[in-house]
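Me: Please take a close look at one part of this model, the site around the ligand. I would like a connected account of what surrounds it.

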Amino acid sequence: MGRKLISSGHARPRTASRRAALRTALASVGTLALAGCDRLSNNAGFVDVLTSAQDLSRVAQRAVAGRNAMAQEFSPADVAAHFRTNGTLMPVDADYQALLRGGFTDWKLQVGGLVEAPAEFTLAQLRAMPSRTQITRHDCVEGWSSIGKWKGVQLSHVLAQVRPLASARFVVFRCADSMDGPSLDGHDSRYYESIDLDEAHHVQTLLAYELNDQPLPVANGAPLRARVERQLGYKQAKYVMRIELVDSFAKIRDGNGGYWEDQGYEWYAGI
Ligand SMILES: Nc1nc2c(c(=O)[nH]1)N[C@H]1C(S)=C(S)[C@@H](COP(=O)(O)O)O[C@H]1N2
Ligand SMILES: [Mo]
């Protein structure tokens, strides 16, 4: 947990002078400013120190624990009475709002990019696929955890149907929620995340549509969210609308593989 707390909640400074200014600002507000995945705390950073450490941590973790290592699973008695919520709790975007009003009957998950057979799946189709249920602990970099029971379809099952091309290396989750409010000028601030194909094929990596035996609440990412149980909270993309197989995320947004990664968070957020 120590590394997590150090890396919590900061934007990567883009320039040396900005970095210096941020250090001064940070020194004056102290460590209280360090917590947060919330956009208001997106203001200062130590994360640049950690970016080279992340490759090491990913390689070391895989070498020690193995690509198939399981995240701990818990018993029903461990499930939190209220699973916490964080980040977007209600997307402001009009397209999402319309789908929500219709009870997500018109919602479809699009899966495309570097695949042989791009496809769309309704919620009913996803629910009809083989499911997995798991009770796991969600760890947010803000320093809190919640244990929840998730039900969903394994991402590997969906990928098998679209057949990734040999060139595909990453799975990108495109989400419904704009982090900077509704866009007026074409500026895209929708949340996004990415994982590699090892993580995508892990048995516990789900596209979840239920939390604690109920349809996924809006605040937790309805109608569908990712569960990537060996990684931190910000990798658990909510409001997933589209899945893209890519060979690189260099050309997606700021090129770091995720909304928070573009603010300086580690791409490999192993717990
Ligand atoms: N689309 C989207 N996914 C998201 C976020 C978000 O703001 N938007 N926040 C992330 C963060 S930082 C955390 S801790 C978890 C919170 O999930 P919860 O609201 O179910 O607790 O979602 C992650 N996935
Ligand atoms: Mo988080």
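**The ligand 1 site**

Reply: In this predicted model, a polar side-chain atom of Asn220 lies 2.8 Å from an oxygen atom of ligand 1. Taken alone, ligand 1 exposes 530 Å², and the protein buries 100% of that area. The space that ligand 1 takes up is the largest cavity.

Backbone atoms also take part in the polar contacts. A polar backbone atom of Arg84 is 2.7 Å from an oxygen atom of ligand 1. For Thr88, a polar backbone atom lies 2.9 Å from an oxygen atom of ligand 1.

The shell can then be taken as a whole. There are 23 residues around ligand 1, and those that come nearest are Arg84, Asp177, Asn220, Arg225 and Lys238. Sorted by class, the shell has 11 nonpolar residues, eight polar residues and four charged residues.

A separate point concerns the cysteines. The structure holds zero disulfides. Cys140 has a relative accessibility of 3%, so Cys140 counts as buried, the cut-off being under 20%. Cys175 is likewise buried, because its relative accessible area is 3%.

Technical notes: Residues numbered from 1 in each chain as written. Chains lettered and ligands numbered in written order. Predicted model: local features only at pLDDT ≥ 70, side-chain atom pairs only at ≥ 80, totals over all residues. Heavy atoms only, no water. Near = heavy atom within 4 Å. Polar contact = N/O pair within 3.5 Å; in protein donor to acceptor, adjacent residues only side chain to side chain. Areas by Shrake-Rupley, 256 points an atom, 1.4 Å probe, with all protein chains shown as cover. 1 Å grid on protein atoms, 1.4 Å probe; cavity = no way out; pocket = protein on both sides within 12 Å on 5 of 7 lines; lining within 4 Å. Sits in = over half its atoms within 2 Å of the grid points. Nonpolar A, V, L, I, M, F, W, Y, C, P; charged D, E, K, R; others polar. Disulfide = S-S within 2.5 Å. Buried < 20%, exposed > 50% of the residue type's maximum accessible area, 1.4 Å probe, protein only.
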